[in-house]
Amino acid sequence: MHRNGPTDDIDESALTVTPPKAQAAGVRAVGVGLGRAVADMGVVRTARTLARVNQVNGFDCPGCAWPEPSGHRRPAEFCENGAKAVAEEATRNTVGPEFFAEHSVADLAGKSGYWLGRQGRLTHPMVLRPGDTHYRPIAWNDAYRVIAEQLRVLGSPDEAVFYTSGRTANETAFLYQLMVRSFGTNNLPDCSNMCHESSGTALTGSIGIGKGSVTVDDFAAADLILIAGQNPGTNHPRMLSALADAKKAGAEIVAVNPLPETGLIGFRDPQTIRGLTTGVDIADDFLQIRLGGDMALFQGLAKLLFEAEDEAPGTVLDRDFIESHTAGFADYERHIRAVDLNTVYEASGLTPDELARTADRLARSRNTIVCWAMGLTQHKNAVATIEEATNLLLARGMIGKPGAGVCPVRGHSNVQGDRTMGIWERMPEPFLAALDDEFAITSPRTHGYDTVDAIRAMRDGKARVFFGMGGNFVAATPDTTVTEAALRNCALTVQVSTKLNRSHVVHGATALILPTLGRTDLDIQNGRRQQVSVEDSMSMVHLSTGRLTPVSDELRSEVAIVCELARELLGPGHPVPWERFRGDYDLIRDAIARVVPGCTDYNNRVRQRNGFVLPHPPRDTREFRTATGKANFAVNELSWVPVPPGRLVLQTLRSHDQYNTTIYGLDDRYRGVHHGRRVVLVNAGDIAELGFLDGDLVDLVAEWTDGVERRVTGFRLVEYSTPRGNAAAYYPETNPLVPLDHVAARSNTPVSKAVVIRLEPHIHRPGPQDPGHRSGPE
């Protein structure tokens, strides 16, 4: 039966603002999460589905990549936003051919991403041909032929781009990159390019592997946890349980962020007596740092540690570790001793007392973990900043011991697994050689496009086909007007999706929507239930098994889509056994075991109760597979983001009712924003100095070196606790302000946390207002 979601869209005039909350989670979070789930799934479906989230023999939450505990799992091993993510996927609402017959593409393009996502699960493959106003149904085999024909007529395989979302399972990711490399290109951009690419780049150079070195059990063994540029209360709420356990064991926690985030202030665990009464104070100290000031903080802390070592030799620096396991320390020490602390205070916005308190905690700590997320990775100096955080840990020997190490907290539930399986435009030679040996193919060696370069290639006519394996490329990427024009410049765009999103209405000359199974769905191939595997943020690989009856017989698993397309594209004589892989995922895992490092005996190990952990040489044996054979200290000139007169530096961020580009609702409850999203959070002093009042409607205008005006309109000014000169607003509404060429050095990650803007009084302007208007030089 055809069911549609809500017909109402966002009404920003209903927006209200209340004081921010002082504690996260609690009974209120339970009520909100269950309320959303019941509304979308019904009572019985909710009870059956949520009971299986993150459980052994259940399915992995389609939200964040925070790991499950290695021991006992709670009956409710999910958070409020996990419940929302499950409800969004397991909704009873559907979007089928009747919906597309009723709504033209032009009509859908006028809707918000929130409205599109709320309509329900896609049920049939659909095609939009040149000149059509509506998507129409298409048979699966015909859809594959359309794709294969468009790919075959390209001048080169490198004229196609194959994007991947971080929610794609390991089996799909492995086969997807295999198909793409068999076709002849390394154009495999993914969402990592836009979030933690800076982490991978920095850590690979420093310790030889681009992954974090801690497990969830290390949190209870740490006595100091530094959390920088992260909002776990909204983005990784289950992390709060690990932090509460660490506090119970005696750990100190320092939060470093431009905004006071509720989850790091107080946490009410609804599954404990204390959580239902007083809750837990999480952070022992809050350092309200200026945007872009984290490198200054880490260098300033290092300078104070050197001074503390001078006063008490042998008590602060781990000389044995430095001499045995690191390279470049002398140059690092020389550079840090020359750092000017007054510059550190100016760049960071912190006081001498705040810096000294934190340095003292570091000097006393026996086991230190440093956590971070996109507040560090999406800056011009992101790679250098993460290197500086790693330098601090190396100087104190905090790698390769329990309760200590680097912890980049990744977002999407399998974004790390996708990279392990080969989703990268620059996979190393040993992986490609093993792939070629296993399948008798010849993988290309020329590096492909990452996400930013893929947009440039489509914009410039160098790429003519875009294939998206999940995700919402248009809403996730920077410089929205440029990105949309780039996709419209393609001959073909293909989106493999569970739900409707803006990427379906920003399309090439021909466009296809291919509906796929989600994590919650039962996957039957050749009469047998199939399971997929995922890797969490801490390198643990485990199985995920969906059990819900799919909403349509027309849905295909992602594995089936890749295998069926590969047979059509590459021909029946291709050496890869695509048909066998489609029918039995164990065979895929056997191939993974022979190709992917660390995955030996994959099928057996992944069936253990908690799965298995991938090897991590720095953590496991203090082995550092770098060019020097040791962990490398990095030397970086101090840089930060000054605020031009009369301007602000903007960071884009998520609301609490949001996960990446998916908008679950219109309340950012912890920050006190309700029933709307077009707000900009600004210090009260800046609002007054710029001549505005709290509550005024303003336009945000980005200023960049290319002289192009990038504007988003009709944002409500909200007085908020931010450093002077800084501002914050939600994406994707503010993605149009992020210039495509404003990227992090060395990682090419969009700089979404440091955009210089000016505010102008809002005046209604003709022309496109959502997602943003972009015009030429003034």
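Trainee: Which helices each supply at least two residues of the lining of the second largest pocket?

Mentor: A word on the source: this is a predicted model, in which local features need pLDDT of at least 70 and side-chain atom pairs count only at pLDDT 80 or more, while totals for chains, interfaces and linings use all residues. Residues are numbered from 1 along each chain as its sequence is written, and side-chain values use heavy atoms, with hydrogens and water left out. As for your question, helix 9 (197-207), helix 21 (415-420), helix 22 (429-439) and helix 30 (617-621) each give at least two residues to that lining. Helices here are DSSP runs of H or I with at least four residues, strands are runs of E with at least two, and both are numbered from the N terminus.

Trainee: And which helix gives the largest share of that lining?

Mentor: Helix 9 does, with five residues. The second largest pocket has a volume of about 1,000 Å³, and of its 32 lining residues the closest to its centre are G208, I209, G210, K211 and P428. On a 1 Å grid over the protein atoms alone, a pocket is an open set of points with protein on both sides within 12 Å along at least five of seven lines, a cavity is a set of points where a 1.4 Å probe fits but cannot get out, and lining residues have an atom within 4 Å of a point. The points are joined across faces, edges and corners, and a volume is the space filled by probe spheres set on them.

Trainee: How many cavities of 30 Å³ or more turn up?

Mentor: Three are found in a search of the whole structure, and the largest cavity has a volume of about 90 Å³. That cavity is lined by 14 residues, with G63, C64, C79, N81 and G82 nearest its centre. Helix 3 (80-89) and helix 11 (232-235) are the elements giving two or more residues to the lining, and helix 3 has the largest share, three residues.

Trainee: Switching to packing, at what angle do the axes of helix 8 and helix 22 cross?

Mentor: The axes of helix 8 (residues 170-183) and helix 22 cross at roughly 85° and come within 12 Å. These helices are therefore roughly perpendicular to each other, a label for angles of 65 to 115 degrees, with under 35 counting as roughly parallel, over 145 as roughly antiparallel and the rest as oblique. Axes are lines fitted to C-alpha atoms, for helices over the stretch in contact, and angles run from 0 to 180 degrees between N-to-C directions.

Trainee: Which residues make the contact?

Mentor: On helix 8 they are F174, Q177, L178 and R181, and on helix 22 they are F431, L432, L435 and F439, where contact means heavy atoms within 4.5 Å. By class, that is six nonpolar, one polar and one charged residues.

Trainee: In what order do the strands of the five-stranded sheet run?

Mentor: The order is 12-9-8-14-15, in an open sheet with parallel pairing; two strands pair if DSSP finds at least two bridges between them. Strand 12 (285-287) and strand 15 (405-408) stand at the edges with a single partner strand each, so one side of each has no neighbour in the sheet. Strand 8 (residues 224-228) and strand 9 (residues 252-256) pair over five bridges in the parallel sense, with L224 opposite E252 in strand 9. Helix 14 (residues 294-311) packs on this sheet, touching strand 8, strand 9 and strand 12, and its direction makes about 155° with that of strand 8.

Trainee: Last one: where is the cis peptide bond?

Mentor: It joins Y731 and P732, with omega about 10°, and P732 sits in the loop between strand 32 (726-730) and strand 33 (755-761). Another backbone feature is N526, which has a positive phi of about 55° although it is not a glycine.

Note on methods
Ala, Val, Leu, Ile, Met, Phe, Trp, Tyr, Cys and Pro count as nonpolar, Asp, Glu, Lys and Arg as charged, and the others, Gly among them, as polar.
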